[in-house]
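Here is a short tour of a structure, written to be read alongside the view of it. Let's start where the chains meet.

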Amino acid sequence: MRFLLSWLKEFIELSLHPSAIAERLTMGGVEVTGLTQIEGDWLFELEVTPNRPDLLSHLGIARETAALLGRPFRFPRWLQRQMLPLEGGPQPPSLQITLQDPEGCRRYCGLILEGVTVKAGPPRLTERLSRLGVRPINNVVDVTNLCMLEVGQPLHAFDLDKLEGSAIQVRRARPGETLVTIDGVSHPLTPEMLVIADGRRPIALAGVMGGRETEITPATRRILLESAWFDPIRIRRSSRLSRLGSESSYRFERGVDPAGVPAAAIRSARWIADLSGGNISGGLIDVGGSETPKVRIPLRPQRAAEVLGMPVTLSQQRRFLEQLGCRVAGTATLWQVEPPSWREDLRIPEDLYEELVRLWGYERCAPTLPPVARTAVVLEGRPPEDPWMKRQRQIRQWLVAAGMQEIMTHSLLSPEDLARGGSPFTKGAISLENPLSVDQGVLRNTLLVGALQTVARNLNRKATEGFELFEMGRIFSEDPGRRPKETSALALLVAGERAPAWGLRPAPLGLFHLKGILEMLLQRLRVESVMEAGSVSGGFLDPGIRLKLGKEPLGVLGWVDPKVLAAYEIPPEPAVAYAQIDLDLIRQAVTPPVRMQALPKVPPVVRDLAILVHEAATHREIVQAIEEAGAPLLKSAALFDLYKGKQVPSGKKSMAFRLSYSAGDRTLTEEEISATHQRIVGALQAAFQAVLR
Amino acid sequence: MTQPIDSLDEELKRLLQEATETLAGAKEAAEIEALRVRYLGRKGILNRYFPLLGAEGRPAEERVRLGQRLNAFKQKLEQEIFERRQALKGQAGGAPHSEDLTLPGHPTAVGRLHPITRTIDEILSIFRSLGFSPVEGPEGETEYYNFDALNIPPEHPSRQSFDNFYLKVPPSEKGRWLLRSHTSPMQIHFMEANTPPFQILVPGRVFRRDAVDASHCFQFHQVEGLAVGLNLHFGDLKGVLVAWARGMFGPEARLRFRPHYFPFTEPSAEADLACIFCRGKGCRVCGQKGWLEILGCGMVHPAVFKAVGYPPGTVGFAFGMGVERIAMLKHGIEDIRLFFENDLRFLQQFP
């Protein structure tokens, strides 16, 4: 909304500097977003919130400015005179107007002008329009626009001679009807839309735009002037369905002053007659104008002061309300407040609270702190922090401590990007009804795509040679017949090598680096998960490991298939290791507090064991055998070396374990340790034909 | 017959001297190592003496003395060997422990949190100290929770300003599925399941149908706050937010509150932070205004309480802020796209 200071001054006396007016308006909730000086005048640009359609006119701004400056507003005499009922009193209507959709159009006023001469409007007025961003058309249309900017009521003028029949209907459009609007576009109409129709066809999309066939032209002699109240919802629907918006629909869909409809018709008719040499023919045709029921809002002024936390007296409160045009009646403790007709946003006491604090000044309301211990969360026996929120913070910290960099990728992907990874990604992915562009057409159902795109981008920019990345985020998939499935997931990705540094051996960032991090994480989360080696369905990881928590699939871990890497424009080197787990499953797992275990009083005895076994024997099988044979004295068996190659016969591998023996409180004898150690060796020889090195 | 203790002493002294002299002449690490093995190795000279400790007929005090001598021999020789080695190293290129101390330390492999996570954590921790507890809600929502229950009826003009992404899935009884356009739906979920008083925070990702440019992205993050309880008033809302702003931007931070409109609060306000770059004088960042729009807030609208079945007269306040905007202001980041591009050179700038 724009307004001119010179025009505003026709309504109220103002001596303040424009920037002071702007400051007051902004701090009163009418944000001034622009203030420019043009040729002795000042143009204000406002951001008017959708609840305040009454501010979409100079009259409205004038009322608001007066209230914010703490002054009563007096309706200007000169304007009042222009709105006086027409001379000669009521006359029989020369045109039949019927409201077939009384909900869509509550009130419709028409006035007929004859003998008009359509020409350019006077420069003083066209200039005003131009400054306010409205294109001058001709003296008739210009007046309808000026009047809208003056009092906020949108108006429309029809060329009466182009109308067929002597009846006007305000009704829903019929299927199959079309209308060419004044911008020359043909619109198919639907029964959702409200139209103005003559005896034969729609002549305007009500409240949105008029039709081309009945528009005012230089040849127009007789005019039907329309001033109406249309239902905001209906106009919004018409506007949305026809993809057509105007200054008029903008006001109607927010709500115009129902009481101002006839006055605006009369005001504009007089103005047009004045400028075009025509005369008003007959009286005001006013249909549906039943009195709207009076609104009374019960207000307890004492309560208002409490909820706002401000020491405002009752007489101050009353004055504020009256400055806004409200009438205040009722008892001393319970008021009945009748808001003015143009403030349809005032309906409940809380609406009045805002008006009171607005006029009092948000700034004058002293900041205080509420009592902190009111968190019900504690009263109800729940911890003050959602344990899962805390857990997620810990997971992030553990991963960061393990060298991982957190990333955040897009939740929306292009279907093409998703499909590049193969069928496991496209399966069950949810598409958007109304994507903004194809690049964001589908919801991610994996975190892999974002992670791979991050790798590709950083490789392209030569930002790094090693990747240690993680992301925690939601993924989505279809769950036919049920609500869309939303899962919290954790993705881990490593690739390449850390930057070389003197004195350190290069640390390859591969699958076992990643597995170590995952094992650390699961151990700290204290969930009993199982890892199963094998290929992962769909084959985007090869080889891969499946993780399970109980019977539920917890996630996957593996090398990303080079074909998938290639699909995301990542070279086969460095190889990329990836893991993704379902955090919702972990969230459900119960973790009791840690119980400390007594420290052993005697240090453990450590023995190393190096064996040669067939290279097909797995670490898991061998450790299982060692643990079984070593019980109960063996406390741990940790692999510290694995070797194939020179000095090891082909088909074999050398494995070295560090075995730790302990019996808790007592010192182990050499005999006990030797016996256990021998048992282990024997078991390995029997099961794996192991040879001691 | 046991060897007299005095002659053993002499013998050890001689041996040590002999070893020290040989050591002094050693020119190579290998020579030193050979010497170490000869004297101190498992089958070395010194180990031959230890059995003497247990020899019959030697008085206890002599055994102790011999033990001390043997240990002293060992320590002394080890020390000599260490020094000789250091000396050799020194000749080769410096004194013992005389590495180049200007060499860089070995890099420590610790990762980093995303700046958005860090900013959310910082916001939450300040509000936590003010008695607020964080909770989380879903990113996929229904129209009821995103709009209707928050007093944004269909066809309401304010619904226009939330241009949403709708999901291609069958609607639920609570309306069509969409990606939440704000974190406020969690207000409804939480109130449906809890009774006041409480003070909660909802951090999370939200979505708007905005074209991507330097200051817009179709996804961003918000932190929402909701306090419901007896006798809360507008001054409490201001106090909590002022306290937060000082925690977030320093004790000098100033907020101003302007009336605004949100369907789910009444009265509503927008809070501006006195520009942290020009201290309110007006600069490029604040568009010469001196103030930065930073959050929206207000007293919860009675229609919202009605939607969750709270009794009339319930009072509370709510606020919501954009995390990216705060992070951008705080760190001087000029392009929102950087947050989701994950260029490691960007991410690694944050501790």
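## Where the chains meet

In this predicted model, 95 residues of chain B and 96 residues of chain A take part in the contact between them, contact meaning heavy atoms within 4.5 Å. Within chain B, the residues that lose the most area to chain A are Glu155(B), Pro259(B) and Leu344(B), which together make up 9% of what that side buries.

The size of an interface is often given as the accessible area lost when the parts come together. Here chain B and chain A bury about 8200 Å² between them, with 58% of it on carbon and sulfur atoms; this buried area is the accessible area (1.4 Å probe) lost on putting the two parts together, summed over both.

## Polar and charged links

Four salt bridges are counted between chain B and chain A, each a side-chain nitrogen of Lys or Arg within 4 Å of a carboxyl oxygen of Asp or Glu. One of them joins Arg258(B) to Glu31(A), whose closest N and O atoms are 3.5 Å apart.

On the side of chain B that touches chain A, 46 residues are nonpolar, 28 polar and 21 charged. Here Ala, Val, Leu, Ile, Met, Phe, Trp, Tyr, Cys and Pro count as nonpolar, Asp, Glu, Lys and Arg as charged, and the others, Gly among them, as polar.

## Domains

Domain bounds come from an automatic or database domain assignment. Chain B is divided into domain 1 (5-93) and domain 2 (115-347), and the C-alpha centres of these two domains of chain B are 77 Å apart.

Chain A is divided into domain 1 (2-74), domain 2 (96-287), domain 3 (297-363), domain 4 (387-588) and domain 5 (605-692). Between domain 2 and domain 4 of chain A, the C-alpha centres lie 60 Å apart.

## Cysteines

How many disulfides are there over all chains? The count is zero, a disulfide being a pair of cysteine sulfur atoms within 2.5 Å. Cys275(B) has its closest cysteine sulfur in Cys278(B), 3.5 Å away, which is too far for a bond. For Cys365(A), the closest cysteine sulfur is in Cys297(B), at 11 Å, again too far for a bond.

Cys275(B) is buried, at 1% relative accessible area, and Cys365(A) is buried as well, also at 1%. Buried means under 20% relative accessible area, exposed over 50%, and partly exposed in between (1.4 Å probe, protein chains only).

## Reading the numbers

Residues are numbered from 1 along each chain as its sequence is written, while chains are lettered from A and ligands numbered from 1 in the order in which they are written. In this predicted model, local features need pLDDT of at least 70 and side-chain atom pairs count only at pLDDT 80 or more, whereas totals for chains, interfaces and linings use all residues; side-chain values use heavy atoms, leaving out hydrogens and water.
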